[in-house]
Every structure is written in C-alpha cells, then in structure tokens.
Amino acid sequence: MFDLTSSFSPTGDQPKAIEDLCLGIKAGLKNQVLVGVTGSGKTFTAANIIKRLQLPALVVSHNKTLAGQLYQELRDFFPHNAVSYFVSYYDYYQPEAYIPQSDTYIEKEAEINELIDKLRLLATTNILTRPDTIVVASVSCIYNIGSPTEYGNHILKLKPADPADFAATARRLVELQYQRSEFEFRRGTFRIRGEYFDIYPAYEDFGYRIYQQDGKITKIVKFESVSGKEVAELKKGVVIYPAKHYLTEPSIFRSVEKQIRSDLAKEHADLKSQGKIIEAERLLRKVNYDLEMIKEVGYVNGIENYSRYFDGRSPGDPPYSLLDYFKKAYGGNFLVFIDESHMTVPQLRGMYNGDHARKQTLIDFGFRLKAAFDNRPLKFAEFYQLPPHIVYISATPDEWELEQSKNEVALKRLKNHTGVVEQLIRPTGIIDPQISVRPSTDEIADLIEEIAARVWRNQKILVTTLTKKTAEDLTEYLKERKIRASYLHSDIETLERSNILDNLRKNEFDVLIGVNLLREGLDLPEVALVAILDADKEGFLRSRTSLIQTMGRAARNVAGEVIMYADTRTRSIEAAIEEINRRRDYQIKYNKKHRISPKTIFKPVREKIINEEEEYLIYDKKKIEYNESVLSAINPQSLTPYDRKKLIKKLEREMKAQAESLNFELAIKMRDKVRELKEQT
C-alpha cells in the first residue's frame, strides 16, 4: 500500500484539486491539467492522488536537476514505498556520428555514472517486483532499454534446500552480465569463498551470501558489502535480476544471427549496386566484428543497435521503453504525471527527429545496418498511446495540453469538470514577489549592492544569465569581491547539481548563478531575491513563460523580490508582470477572507540522492588539489584495478579543466600520470 507520510494535510484549493483529478481518473479521462502556481504544493497534490487511488506512478521531468528534487520530495512522502530515480546515466556522452563533408567518423564515447546506472536498474527491478512503485524520470524514459519480458525472464532464483551448484550459478550470473571478482567486491560482481557464494546485485546497496553444505543451499543472508556484517536471513530465498538492460540469450542467438547476416547480405549488395564499394566493405567488417563479440562475450559496444532482432520486433516497431515496463507490470492501472508540461511535452516531441537524422547518415555510409533506426526514442504519438492517464502539471501550461484535456469525451459524464484544474492558492499565504525593472546600465554594480543587503539579512540570491560563460565569469567576479557565489549549468554532473542546491540552503554560499536550470520547480525557500540579467533580450530564455517561471523562484519567501535589468519593457516583460500581479491579487483576497498571515516556507535540507562518499575511492572523498607532489605520490601498483580505473577518469577530467585554464604544464603531468596508470591496467 502507498503510505503517505507528512505533517501537513491538504489545504487551500489542494483538496478540490485532488478530488477533481481523482474523479477524472476514475471516470477514465486520459488527459487532465493541473495549473498550479509556484509554492502551491503541486507535488503534494500528486502524492495525495497516488495515495488515494493506490496506483503506481511515473513522474516525468524535463531536466535532471528538477527530477532529482522531485525524487527527494516523493521519497520523503513515501519512505516505506519503492520510490526510484531514472535519468540518463552518462556523465559524458558523445553519440556515434559521421560527418561526410570532412570524412570524419566520431565513435560513440561515454562515461557511465555507475551510481545512476544502479538507480536505473533498481527502478526497473522495482516495477517488475513491487506494486507500490513510483519512478521519477527525465525524458530518457522514452529511449530504448530493451524488452521488459526478456529482462524479467533473465533472473536467477535461489532458495534454501535447492541444489548448491556454485559452478552453474557462476555461469548463470555471467549470462546476466555479472563479473567474477575475487579481490574487489562491488556492484555487478560475485565471488566464491569455499562454503559460501557472495553476490552483489547491480541495483542494491548490499550483498547476498549463499551458504551450502553437502550439495544443498542451507542459508541465504543479506550482508553489508563493506563490513561483511550479516543483517538479515532470507528464508524465502532471493531473486537476482540482470546487471544490464540489454541482454542476449545464448539459446536464441543462432536464429538472431541468421537474420542479421541475411540483412547484412542484402544491405551489402545494395550498397555495392549504388557504387558504394568502400561503404559496403565497411559495413561487412563492422557487423562481422560485432557478431563475433556478441557470440564470445554476450555483449559489444553498440549492442543496442541490434536490439530489434533480440526483441523480436519488426522494422519500424516502437522500441521498448520504461513505459513498457509499467505496461507489463501493471497493465492499464498506473498514472503518468508530466511535470512542467510546457517544457517537457516539447522535449518529448523533439527527441525522435534528431536521432533519426544522425542514424540516416551512419546507415548511408556503411557504419550501421538499417536496424539501427529501430534503436531510438519513442515518437510522441507512440509515447502518447501508452499511459492510461496523464496529468499535465505546470504554472504555465501550453495550448496543446489544455486542448487535449478540454476535448475529452468522458467529460460529458462529469459535472463541473472541464479537464483543467486550478491550484492558485499557496497554503502559506505567500504573495507573488514584487517586481521592479531597472536599466541595464551599471547592472552589476547595482546587483552587488542588492546582494550585500540580502546577505546581511542571511537571505539567498538567484541570478539568471543568458550564457554559461557569463554565469561562470560573473561567479568569479563576485568571488573576487569576497561574495560567496557558485554557478549551476548543464555541464555540471547530474548528482552534483542537487548537491549545489543543497549547499546553497546549508549556507555554504549566498549567490547561485545559472542559465536555464534556475527556472521550473526549484524549491529554495531561502531565496529572497531573483535577479534577471538581459531581461529585454526577448527569446526562449526571456519569453513570458520563462520569465514567469524564473520569477516564481522568489515566491517561497515572504521577502521575495524580483529585479529585471532591461533597457526596454518588451511584450514578454509586460505580459509576465501582468500575470504575476493577477496572481498577487488573487492570493491577497484569499488571505484577507481567511485571515491568513503569510509565512516563509520552512523545509529541512533533504538527504542526498545517494551518499557519494561511500561510493568513490579515497581520491574522491575529499577535494584534492592536484599538483606535482600529489601526482608523484600516486603509486599505480598500490591501487586495485577498480580504483585505478576511477582515478584515471578523475585525472582525465582534471587534465581537461587545467588545459582550459591554460595550466598546460600541470595538464601534461596529469596526462603522463594517466598513461602510467593505463599501462598498469
């Protein structure tokens, strides 16, 4: 059962919003819109809908930072249920591509964040094994992750009194993409220790130990992976799920190989008939190499481009995404909440075309079979068909969501329900911020004065710029003037973004500067001032919707204020101010009627998404300032292979950062140390 834990009860217009949305879902409405102002408790409303209907849910967000915040909120609301986090697991991703003009082939390159990979695997495992699952996902949830049926079939069941054939168990784990590691016990590995067998699932924070005697399993226990302390005995046994989403079953590989080789022969001949001799030979070599790798080790870099064959799909069929896992596990009994729908829906629409254009070039020039087309994100129409119920959540919904919700056939059976539910009252009584427009001349000097006034009151400040470079430069400029500042943009690693927001709330700095991440949904009650630079540069980042969303970051504090620096008052500025003033009047009337005195929201700093200090080697546990003496002290032979690999990645990132800062001598030293570490590897 979904058990909502909160010291608050629905108030203001939350009860009516919850009632109307639940009524619409029960009546079979596919589309509904929740129009909620910043700070009105939209996430709390969604949590109450999940609790009341007792339905599993997928919450889709348009960026990882907001997804992380939603995950933390829902994890706090449902501490006893399976709340999962599913976002792209790449810290760095360079997709495979080919540029014909310069004859440049760019090989796929990726740095996978193992912690996020673990959370993704945990999400799919929870969906298939628990009825009380909530998954918070970015738009990566519409990408191909392989068949849920195949993932669910690739399991290892172990229970007491079963035959204890450790050799067979090891073979099965290898098929599930686990690795044997006798010296380094980490996620996705197993080891054999005489009378017992240890497994560290790729999606858990603990290991399982299987004891045997006289050829029988006598006991299965859960234990702490670092200390080895046993914490629980599992009398009913355990089920181990795969360490990767893409798997190849050896028993079906022969038939799949025949299909691939048949398509290869056709496409090879087709390229030759077009006079593309080089492309034809390139395709032949590439596919033959991949098939040999899959046959020998069950995996190859880029195996997802052959997923259509292993999934049994026909050309053009939609790929299996996270929504198919929901469909398999729950049928038509689950909810989809699209948070900040005015941003998320357009992102969902745009994913397919860019991917298709890149794949077309690769196929035309013999780098991939046409089956690569079917390793893709869902088209929007394909995505739209899967959820039985969608609730679009936004303070500024677009026309498309509003039209879909108002045109539901089932609305005729419901009285006083238009498909659009408003939630304009903040339970705290906080009024939308006062707005002032100031000339951009000497804007930085004026901003510094405003920052100083807020810092003296122990308040926090958000500043939005138009470019990443401006955000970084302004941060350095403020630091030189002894102002504690930091910046936030998309180049910062996923998990680190949430930590930066938490550090602002923990008073580790006073000013946070960003571009596009300081808009929708950020929950920072300590922020009393939002400053918008270049507000009159009308465009996507300074549109009516963007300005309203950015202003909303100051709507969680009674002292909230917005300053826009602009030389002209554009239509977007005028429209945004008009809408904010309308909402101010609405809240003021409500406060007078119910005798409410506005109060600043108080929220404790939430537990981190994952405790990184427990996950990384010693070089990552504290901020190391690498210099020649630190580099020379690193002894490659004293490191385990896993620690060596982690240190190589960290040094490569540091090397790039030093090179960008023109510290070429230190960058060269780091490059040499990386080479030394790689030689040892």
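Modeller: A residue is called buried when its relative accessible area is under 20%, exposed when it is over 50%, and partly exposed in between, with a 1.4 Å probe and protein chains only. The structure above is a predicted model, in which local features need pLDDT of at least 70 and side-chain atom pairs count only at pLDDT 80 or more, while totals for chains, interfaces and linings use all residues. Residues are numbered from 1 along each chain as its sequence is written, and side-chain values use heavy atoms, with hydrogens and water left out.

Biologist: How many helices and strands does the secondary structure of the chain come to?

Modeller: Helices (H or I, at least four residues) and strands (E, at least two) are DSSP runs, numbered from the N terminus. Counted in this way, the chain has 22 helices and 25 strands.

Biologist: What is the radius of gyration of the chain?

Modeller: The radius is taken over C-alpha atoms, and the globule rule is 2.2 Å times the number of residues to the power 0.38. For 681 residues that rule gives 26 Å, and the chain comes close to it, so it is as compact as a globular protein of that length. The C-alpha atoms fill a box of roughly 75 × 70 × 65 Å along the principal axes. The radius of gyration is 27 Å.

Biologist: What percentage of the 681 residues in the chain do buried residues make up?

Modeller: Contact means heavy atoms within 4.5 Å. Among contacts between residues at least 6 apart in sequence, 74% join residues at least 24 apart. As for the buried residues, their part of the chain is 56%.

Biologist: Is E1 largely enclosed or largely open?

Modeller: In a regular strand the side chains alternate between the two faces of the sheet. In E1, Asn 31, Val 33 and Val 35 point one way, Gln 32, Leu 34 and Gly 36 point the other way, and all are buried. Because 6 of the 6 residues of E1 are buried, the rest of the structure leaves E1 largely enclosed.

Biologist: What is the bridge partner of Leu 34 in E19?

Modeller: E1 pairs with E18 in the parallel sense over 5 bridges, and there the partner of Leu 34 is Ile 393. E1 also pairs with E19 in the parallel sense, over 4 bridges. In E19 the partner of Leu 34 is Val 421.

Biologist: What is the relative accessibility of Ile 199?

Modeller: Ile 199 lies in strand E12 (residues 196-200). Beyond neighbours within four places in sequence, its contacts include Leu 156, Phe 190 and Ile 240. Ile 199 counts as buried because its relative accessibility is 0%.

Biologist: In which helix is the place of Ala 170?

Modeller: Ala 170 counts as buried because its relative accessibility is 11%. Not counting residues up to four places away in sequence, Ala 170 touches Phe 190 and Phe 197. Its place is in helix H6.

Biologist: In which helix is the place of Arg 308?

Modeller: At 9% relative accessibility, Arg 308 counts as buried. Leaving aside neighbours within four places in sequence, Arg 308 is in contact with residues including Asp 263, Lys 370 and Asp 374. Arg 308 belongs to helix H9.

Terms used:
Pairing = 2+ DSSP bridges.
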